Amino acid sequence: MQTAHPRPVPNSIDETLELLKSADYVGDRALATVLFLSLRMARPLFLEGEAGVGKTEIAKVLASALGRRLIRLQCYEGLDVSSAVYEWNYAAQMIEIRMEEAAGEVKRDAMERNVFSEKYLIRRPVLDALSGEEGAAPVFLIDELDRTDEAFEAFLLEILSDFQVTVPELGTIKAKEPPIVIITTNRTREIHDALKRRCLYHWVDYPTAERELEIVARKVPQANERLSAEVVAFIQRLRQMDLFKAPGVAETIDWASALTELDKVALDPETVSDTIGVLLKYQDDIARIGQGEGRRLLAEVKSELAAAE
């Protein structure tokens, strides 16, 4: 949601780090650096990484911290221009035409100007993102671009080049100030180099144990310290296994929250077995953890934390 007083972009990398922290996003300096450069250079930021590592959250945090509107284009297979850019409200147009005909005001040119006016234009995310005022450009999140096809990717490249869209009936609509563009992809397919060249790039990796522990402390402050440490250590080990889908940061937060709801202050084998569906979403992965791997990992976690005390 855009506030009444949008804030200016940060003036340094340190300010960018503080901006992220102010919205409870625990980022590293590499992310803060590329984000700072993206904001200062007015270049789209291309974020790549596994699902659940916090790519989408970066755009949400940025919009919140800067007091800008967040406009999200959720990509999917078959996404086309009418769904992404604009379309006409055909039902309302037909009603207007019938009303003018009934009133005997059938002047073709005037009718066309009337029904193809802003009043009947439905702005989809792309066109909406170009509607920001100077100093208050929205954050435009293009989420999971790898889910679309190459044709839409080529169209998007044109948009990012000039930040303008041509509506044949109205003419060219150009952004007064380009939006802050964040593009995410889970790398299910490669994105064309031509689009990547328009952007600054950053790979969003799984966090270190120290940073993930800080994330849990911020997102699940009611969690017991011992429980948080065991949760993070257990998940860090899980990610080293050859799983179909390793748990992301989102699952870490969910698991810590779930265990807190169960009034747990530490992990035990039964609790891990009963709640593993919060972490792992594929039966083969769950079955593997249930075949003794979970107990082994938990024993290693307990031993390591005990030695560190």
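**Helix packing and cores**

Author: In helix H5, Gln 93, Glu 96, Ile 97 and Glu 100 meet Met 111, Asn 114 and Val 115 of H6. These residues divide into 3 nonpolar, 2 polar and 2 charged. This is a predicted model, in which local features need pLDDT of at least 70, side-chain atom pairs count only at pLDDT 80 or more, and totals for chains, interfaces and linings use all residues. Residues are numbered from 1 along each chain as its sequence is written, and side-chain values use heavy atoms, with hydrogens and water left out.

Reader: Why are H5 and H6 called roughly antiparallel?

Author: Helix H5 (residues 90–102) and helix H6 (residues 108–115) pack at an angle of about 150°, with axes 10 Å apart. Angles over 145 degrees, on a scale from 0 to 180 between N-to-C directions, count as roughly antiparallel. H5 and H6 are therefore roughly antiparallel to each other.

Reader: Which residues touch the most other members of the largest nonpolar core?

Author: They are Leu 73, Ile 142, Ile 183 and Leu 195, in a core of 34 residues. A nonpolar core is a set of buried Ala, Val, Leu, Ile, Met, Phe, Trp, Tyr and Cys residues joined through side-chain atoms within 4.5 Å; buried means under 20% relative accessible area (1.4 Å probe, protein chains only). Helix H8 gives the largest share of this core, 5 residues.

Reader: What makes a residue count as a contact of Leu 73?

Author: Contact means heavy atoms within 4.5 Å. Leaving aside neighbours within four places in sequence, Leu 73 is in contact with residues including Leu 79, Phe 140 and Phe 152.

How values were computed
Helices (H or I, at least four residues) and strands (E, at least two) are DSSP runs, numbered from the N terminus. Angles under 35 degrees count as roughly parallel, over 145 as roughly antiparallel, 65 to 115 as roughly perpendicular and the rest as oblique. Ala, Val, Leu, Ile, Met, Phe, Trp, Tyr, Cys and Pro count as nonpolar, Asp, Glu, Lys and Arg as charged, and the others, Gly among them, as polar. Buried means under 20% relative accessible area, exposed over 50%, partly exposed in between (1.4 Å probe, protein chains only).
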